[in-house]
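Please keep the sequence and the model in view while reading.

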Amino acid sequence: MHPARPPNLDGYGTVPRTPVPPPRLNDPIGNGHPDNGRPVARTGRTGSGGGTIDRGRRPADPPSRRRRITRALIVLSTVLALGSVGTYVWADTELHREVDLGKIADRPAQGQGTNYLIVGSDSRVGLSERARKDLHTGGSADAGRRTDSMILLHTGAHGTTMVSLPRDSWVTIPAHIRPETGKHYRATKNKLNAAFSFGGPDLLVRTIEANTGVHVDHYTEIGFAGFVGIVNAVGGVPMCLDRDIKDEKSGANLKKGCHTLDGRTALAFVRQRHQEAQGDLGRSQNQQKFLAALAHKAATPGVLLDPGTVYPTMSAGLGTLIVDKDTGLPNLTSLFKAMKAVTEGDGKRLNVPVSNLALQTPKGSAVQWNARQARQLFTELNSDRPVTVGKKG
């Protein structure tokens, strides 16, 4: 579906003028021709040459320049409005509303402000075998998706706060039923990304809400293909690095300095962690930094005002974007503005406070939160109070 546009009636994108019909012989309005054999009376005084001076309506003056410009602007505004409506309807129908937050049980009360859960999954849907190899994603297109990143974004009276939740966070996963088997499982300790593997977005939201006390208002998830497509559609994202980055598993190979990352290199950058001193925490900081830069780039006039860029960007993102049933384009616009605000100084990028980066568990090394500081951070977010804790990312 494409945005509404003026009809192309003559093959050149313009509407042809309607030809003016010739005077009719039976026209009674001052043309001097007979009507059914009867003479047509004229009104007016007689001139010196015996002719009659018509006192009828004067010919209309040609429209002034100002009036022509006004009419043109009205027509243009109408076309743009129709195009916007068409674009809105098309984009809204492209959203995959697969998550029903209203059906999740035992949720905390809704707090102040708005909380978004942003999930980057390792879904390979939409990637060919060659693309998976080129992007170093591994796996197959039908492999079950897992979480590669989780960011809790809060926006309210004090700006935007982005809090990364490491996927290896050691948390309590609530009692649940495995969708694929129907088997019941009791509440148990495990890594945070296990919740997504066991029960998809529903169990992930339940787990995050149970461990933070923060009510999630909106859920958004994007896979590898959508991420790469958006970055390429906006023409790449500027990113400056303070050191060389090389990671064989993600394919990242970047030198110190400033770059414009295309989709492939951007995905490698946000996925790499093995050369990060803080592992998942370092990767989380890179992900936040990149998302804010992506939102800033997408909002530049060169992207927003270029239909050739806007529509491919929207198509790339909406094609693999999964949201909750109550999320629409206005919510996504608010999320976009909130991320962009971080790059303009109206927000913070944080990692959840941790006390141990290498906690030994039955599930391997995990990240242990600092319970007291984390509780204070999430209380401040849910109450929409200024954030006073947490290490800036």
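Predicted model: local features only at pLDDT ≥ 70, side-chain atom pairs only at ≥ 80, totals over all residues.

## An enclosed space and selected contacts

The largest cavity holds about 50 Å³ of space. When the whole structure is searched, 1 cavity of 30 Å³ or more is found.

Which residues lie nearest the centre of the largest cavity? They are Asp148, Ser149, Arg167, Ser284 and Gln287, which belong to a lining of 10 residues. Two elements, strand 3 (147–156) and helix 6 (280–298), each contribute at least two residues to this lining. Helix 6 gives the most, namely 4 residues. Sorted by class, the lining consists of 3 nonpolar, 3 polar and 4 charged residues.

Attention now turns to the covalent link between cysteines. The structure contains 1 disulfide, and this bond connects Cys240 with Cys258 at an S to S distance of 2.0 Å. The link of Cys240 and Cys258 is right-handed, with 100° about the S-S bond.

Are the two cysteines buried or exposed? Cys240 is partly exposed, as its relative accessible area is 41%. Cys258 counts as exposed, with a relative accessibility of 59%.

The aromatic side chains form the next topic. A pair of aromatic rings is described by the distance of the centres and the angle of the planes. The search of the whole structure finds 1 aromatic pair. This pair is formed by Trp369 and Phe378, whose ring centres are 5.8 Å apart and whose planes stand at 50° to each other, an arrangement classed as tilted. Trp369 is buried, with a relative accessible area of 13%. Phe378 also counts as buried, at 2% relative accessibility. Both residues are classed as buried because their values are under 20%.

A further kind of contact involves a charged group and an aromatic ring. The charged end of Arg178 sits over the ring of Tyr185, and Arg178 also lies over the face of Phe198. The distances to the ring centres are set out below.

| Charged residue | Aromatic residue | Distance to ring centre |
|---|---|---|
| Arg178 | Tyr185 | 4.2 Å |
| Arg178 | Phe198 | 3.9 Å |

In review, Cys240 and Cys258 are joined by a disulfide, Trp369 and Phe378 form a tilted aromatic pair, and helix 6 gives the most residues to the lining of the largest cavity.

Note on methods: Residues numbered from 1 in each chain as written. Heavy atoms only, no water. Disulfide = S-S within 2.5 Å. Buried < 20%, exposed > 50% of the residue type's maximum accessible area, 1.4 Å probe, protein only. 1 Å grid on protein atoms, 1.4 Å probe; cavity = no way out; pocket = protein on both sides within 12 Å on 5 of 7 lines; lining within 4 Å. Points joined across faces, edges and corners; volume = space filled by probe spheres on them. Nonpolar A, V, L, I, M, F, W, Y, C, P; charged D, E, K, R; others polar. Phe/Tyr/Trp six-rings, centres within 6.5 Å; stacked < 30°, edge-to-face > 60°. Lys NZ or Arg CZ within 6 Å of the ring centre and 35° of its normal.
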